[in-house]
Amino acid sequence: MYLLGSPRLERSGRAVHLGRRKALALLAYLSFTEQPSGRETLAALLWPDFDDTHARGSLRSLLSQVRKIVGQEFLPATDDRVGPLDGKGIWTDIGEFQSTMVQIRSIQLQGETAAVAKTLPLIRRVAHLYQGGFLDGLNLGSCGLFSDWQFQQGEYLRRELCTALEYGVRASEDQSEIADGVAFGRRLVEVDPLNEEAHCALMRLYAAGGQREAALRQYRLCEEYLRRELGLDPEEATVMVYESIRHSRPIRPPAVKPRLQGLPRLAVLPLRDLTGEQQWFSDGMTEALITSLSRRAEVETISYSSSVSYRDTTKSGTQVAAELSVDYLVEGSVLKSGEEVRISIQLIQAGSGRHMWAEDYRDSFYNLLEMQENIARYVTAQVVQTVIAGEARTGRSAIDPDAREACMTADYLMRNSQTDADIEGARAYYQAAIARNPDYADAHAGMAFTYFSLGGYGKDFSPSEESRESVDSHLHTALELDPNHVQAHMILGGLRLEWDWNLPEAERAFQEALRINPSHVETLTWYAFLKMAFCRFDETLELLQKAQRLDPISLVTLVHLHRYYCAVLQYRRSLRVLDRIDELYPRRDTIANYRAWVYLLMGQYQNVIDIGEVWPELQRFGSYRSHLIYARAKLGKTNDALELLGEMKTDYENAAGADAAYSVALGCYGVGHESEALEWLEQAYRNRDGALVQLAHRKPWGELHWHPHFQEILGRIGLEPQLEYMRRALNSTPGPASTVIPSTL
């Protein structure tokens, strides 16, 4: 069965006609699943407009037809379940594609020079199998769920091909296999034309093979793609390769970068809720397992926010492991019936799919925390093949089961919160937990987090007195009950950073949290934000990279990575990060606002205005309104800019919107009113606006950075003026604040 490119079914080299598009769609879906699929799921997938009875009848008829064609022995079916498709009896190109990718990754992990020679034939095989997009030309029209699934699987397979080809290009270049490298590179830019690194590698390979004109043409092609699709110029490194080739100067190819050997990496997939009615409980158990495992120094554990995205996935374990770059998967289920809990856990080796260990646990709900610790210890021991003898169990005071249930429900609401009302709901559950169990550290830390989360949502994003007192009180209680409470130390660091501007105390709090749990992603990201405030960009990137390794799809980490690239003037990379966020999270108005910020820094003022036309809801963002004022002023639309600035000031005075004094200050500077901008920055300081901690490295303030009043505000916040950084930031790249800094500085 061929599913990559135009789909078709063959038997003994001759085409088999299925007659209906949905027959092929059904086979394609079942070829991806490793477990039987429910008939209700398949019926809803392929007949979304039918009622249940007619949808199931249509599925029964289609399934009967398909089983006659492919052989009933290769496609098992019961009254409730269908599949999976027998991979031994029915060959599929995606099956071989995936198994070949597993071989490639397995060889790469060996870290041997000989691995290159072993891998290149496999990469050729992968490239040959990928004859086109997944199910090219198959369109089921109104079957929206199937179309979404088809798109997601197609993107996964395309990314896998790109991964293989990228390795093939690097390996071929390192081994001077010019013909292979060119073939891999050309295929890579065909499926990923905006991959600048691939264009650059092709240029080097063409040059090494004596094809100078082809190398120069490749640069022009790269330049055309980037300008047409992204409105960007090639990066400096690409230009340097081009200039070296153009002037016949020698260039050195980069070395192959094998994966670094390190700790075993594992992911805990969301435990299945067997009742179908207590998702909060299975999610809470999953997070508790991840938290316990992440404290272990022997392994690296993918964080909760990445794992939970695979809750209802139809992807195979091999696919999930490849996407998360892990060596082991932990899977299981949870069943809570009355006061009894049953937890089933199994450990799977990602490369081979081999089940290495499995265990069932039954206990009273009252002993839940002890069960979590035992499970974490046993799983860790299996992963690292080490017996942890005589480990002392962490002592915990008895927690009332109703309080524990309320706290876990609150945690669930906080993780999935979309509005202030969600956070308020979580707060009510935390309050109930504390009422039942006043000495419950987790509940007090959770309460502190709700006040910290909502404390900055009012006018000027500044904390209210009530929020401040509540955060202080609950944090004090949580740390008094549990001095090693990671979340409490993290919140304390955020409080000291954004509300107090006590940066040394913030750093100490983050360091303490990471001492307790070096893999706590949220703390790593907060700490990176602190380092960025001081323009310590090497340390910032190191922390963000570690956070990304542990949680590849963390929204907070990706947002801070976007901010980091803006701070170091790598705007193209920032836009790529925003593309990734846009793929993962349905928050397009927020992402559009981030894009407007990047375009402002790049001096692409018309793009700033155009984004507002596409996303009119951006007008509710005070920050976007300041960007719009800035852009209009730079394009000579001064009257429009001044009119909008007047509206911002009025809204601020009337508390009619979310405009902060910081945003008004930027708008004032955009229209050239520097003195007024400083007055509004002073107002932002009085309001304790958390945005001011980014003031030292924010490029649009231009010459204002060197004003004594501006420098004095920086000093009061605790930020030392970063003269050398600002000199480079303001002079090296054209943008809205491009200016010449006096040489005396």
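**Helices, cores and a loop: how do we know?**

This is a predicted model, and its chain comes to 32 helices and 10 strands.

Q: Why are α23 and α24 called roughly antiparallel to each other?
A: Start with the angle: helix α23 (residues 555–567) and helix α24 (residues 571–584) pack at about 160°. Anything over 145 degrees counts as roughly antiparallel, so that's the label α23 and α24 get. Their axes are 7 Å apart, and α23 passes α24 in a left-handed crossing.

Q: What makes up the contact of α23 with α24, by class?
A: On the α23 side you'll find L555, L558, V559, L561, H562, Y565 and C566. They meet Y571, R573, S574, V577, L578, R580, I581 and L584 in α24. Sort these by class and you get 11 nonpolar, 2 polar and 2 charged residues. R573 and R580 are in the contact, and Arg counts as charged.

Q: How do you know that helix α29 is largely enclosed by the rest of the structure?
A: Check its residues against the cut-off: buried means under 20% relative accessible area. In α29 (residues 661–670), 10 of the 10 residues are buried, so the helix is largely enclosed. Among them are Y662, L666 and Y669. For the whole chain, buried residues make up 53% of the 745.

Q: Which residues have the most contacts inside the largest nonpolar core?
A: They are I581, L681, L692, L695 and W701, in a core of 91 residues. Helix α25 (residues 588–602) gives the largest share, 10 residues. Now zoom in on L695: leaving out residues up to four places away in sequence, L695 touches Y662, L681, W701, H705, F710, I713 and L714. There's also a second, separate core of 78 residues, including I94 and Y242.

Q: What makes L695 and Y662 count as touching?
A: Contact means heavy atoms within 4.5 Å, and Y662 is one of the residues that L695 touches.

Q: How far apart are K315 and Y156, in sequence and in space?
A: They're 159 residues apart in sequence and 9.8 Å apart in space, C-alpha to C-alpha. K315 is in the loop between α12 (304–307) and α13 (317–324). Setting aside neighbours within four places in sequence, K315 is in contact with Q153, Y310, V320 and E323.

Q: How many of the chain's contacts between residues at least 6 apart in sequence join residues at least 24 apart?
A: That's 62% of them.

Note on methods
Residues are numbered from 1 along each chain as its sequence is written. This is a predicted model: local features need pLDDT of at least 70, side-chain atom pairs count only at pLDDT 80 or more; totals for chains, interfaces and linings use all residues. Side-chain values use heavy atoms; hydrogens and water are left out. Axes are lines fitted to C-alpha atoms, for helices over the stretch in contact, and angles run from 0 to 180 degrees between N-to-C directions. Helices (H or I, at least four residues) and strands (E, at least two) are DSSP runs, numbered from the N terminus. Angles under 35 degrees count as roughly parallel, over 145 as roughly antiparallel, 65 to 115 as roughly perpendicular and the rest as oblique. A crossing is left-handed if the near helix is turned anticlockwise from the far one by less than a right angle, and right-handed if clockwise. A nonpolar core is a set of buried Ala, Val, Leu, Ile, Met, Phe, Trp, Tyr and Cys residues joined through side-chain atoms within 4.5 Å. Buried means under 20% relative accessible area, exposed over 50%, partly exposed in between (1.4 Å probe, protein chains only).
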